[in-house]
Amino acid sequence: MLDAGTLPTAVVAGSDQCAIGLLIELRRAGIDVPGRVSIVGYDDIRSAQLAHISLTTVRQDAGQLARLAVQAAVERLDNGLDGETREFSLAPQLVVRGSTGPVC
């Protein structure tokens, strides 16, 4: 991105770890985050909350996801493999912190 000459106004990374890596590299290059580029991650890992990182992220309830997975596994064990698939949907939550700003 830095070599391309033009930067996007925002980047959504597939994970908080990738977003934090990008945040660090942009800051090293003197790019203002979030003034020039906003960054959003996914997972809401603990380090995203650190004051010097303050990463905006998308959080999913990992505990609820684990409970649903265990429940589905137990049902499969109790009822056998019937070929039916189960689908679960958990609403994600946007956690706004300091790595995002208004579009310039």
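Predicted model: local features only at pLDDT ≥ 70, side-chain atom pairs only at ≥ 80, totals over all residues.
Let me begin with a definition: two residues are in contact when heavy atoms of theirs lie within 4.5 Å. By that rule, and leaving aside neighbours within four places in sequence, arginine 86 is in contact with Gln71, Ala72 and Glu75. I shall return to that residue at the end.

Residues are numbered from 1 along each chain as its sequence is written, and side-chain values use heavy atoms, with hydrogens and water left out.

I turn to the overall architecture. The protein has 2 helices and 4 strands; here helices are DSSP runs of H or I of at least four residues, strands are runs of E of at least two, and both are numbered from the N terminus. Along the sequence, the pattern reads β-α-β-β-α-β.

How does the radius of gyration of the protein stand against that of a compact globule of 104 residues? The globule would have a value near 13 Å, but the protein has 19 Å. The radius is taken over C-alpha atoms, and the globule rule is 2.2 Å times the number of residues to the power 0.38. Taken along the principal axes, the C-alpha atoms fill a box of roughly 60 × 30 × 20 Å.

Of the 104 residues, 28% count as buried. Buried means under 20% relative accessible area, exposed means over 50%, and partly exposed lies in between, with a 1.4 Å probe and protein chains only. The accessible surface comes to about 7000 Å², and 55% of it belongs to carbon and sulfur atoms; these areas come from the Shrake-Rupley method with a 1.4 Å probe, and for residues only the protein chains shown count as cover. Among contacts between residues at least 6 apart in sequence, 65% join residues at least 24 apart.

Next, the charges. The protein carries 9 positive and 12 negative charges, and their mean positions are 8 Å apart. Lys and Arg count as positive, Asp and Glu as negative, while His and the chain ends are not counted. Each charge is placed at NZ of Lys, CZ of Arg, CG of Asp or CD of Glu.

Side chains of opposite charge can pair when their charged atoms come close. A salt bridge is defined here as a side-chain nitrogen of Lys or Arg within 4 Å of a carboxyl oxygen of Asp or Glu, and the count comes to 3.

One of these joins arginine 28 and glutamate 25, at 2.9 Å from N to O. Both residues belong to helix H1, residues 16–28, and because they are 3 residues apart there, about one helical turn separates them. Is arginine 28 buried or exposed? Arginine 28 is exposed, at 65% relative accessible area, and glutamate 25 is partly exposed, at 40%.

Aspartate 44 forms a salt bridge with arginine 59, at 2.7 Å from N to O. This pair links distant parts of the chain: aspartate 44 is in the loop between strand E2 (38–42) and strand E3 (56–59), and arginine 59, 15 residues away, is in strand E3. Arginine 59 is partly exposed, at 31%, whereas aspartate 44 is buried, at 12%.

Aspartate 44 also forms a salt bridge with arginine 97, with the closest N and O atoms 2.9 Å apart. Arginine 97 lies in the segment after strand E4 (93–95), 53 residues from aspartate 44. Through shared partners, salt bridges join Asp44, Arg59 and Arg97 into one network. Both aspartate 44 and arginine 97 are buried.

Now to the backbone. Most residues other than glycine have a negative phi, and most peptide bonds are trans. A cis peptide bond, with omega of about 10°, joins valine 33 and proline 34; proline 34 lies in the loop between H1 and E2.

Which phi does aspartate 43 have? Although not a glycine, aspartate 43 has a positive phi of about 130°. Its place is in the loop between E2 and E3, and it is partly exposed, at 42%. Serine 54 also has a positive phi, of about 45°, and is placed in the loop between E2 and E3. Serine 54 is partly exposed, at 21%.

Finally, arginine 86 lies in the loop between helix H2 (62–79) and E4. This residue is partly exposed, at 45% relative accessibility. Its C-alpha atom is separated by 42 Å from that of leucine 7, which lies 79 residues away along the chain.
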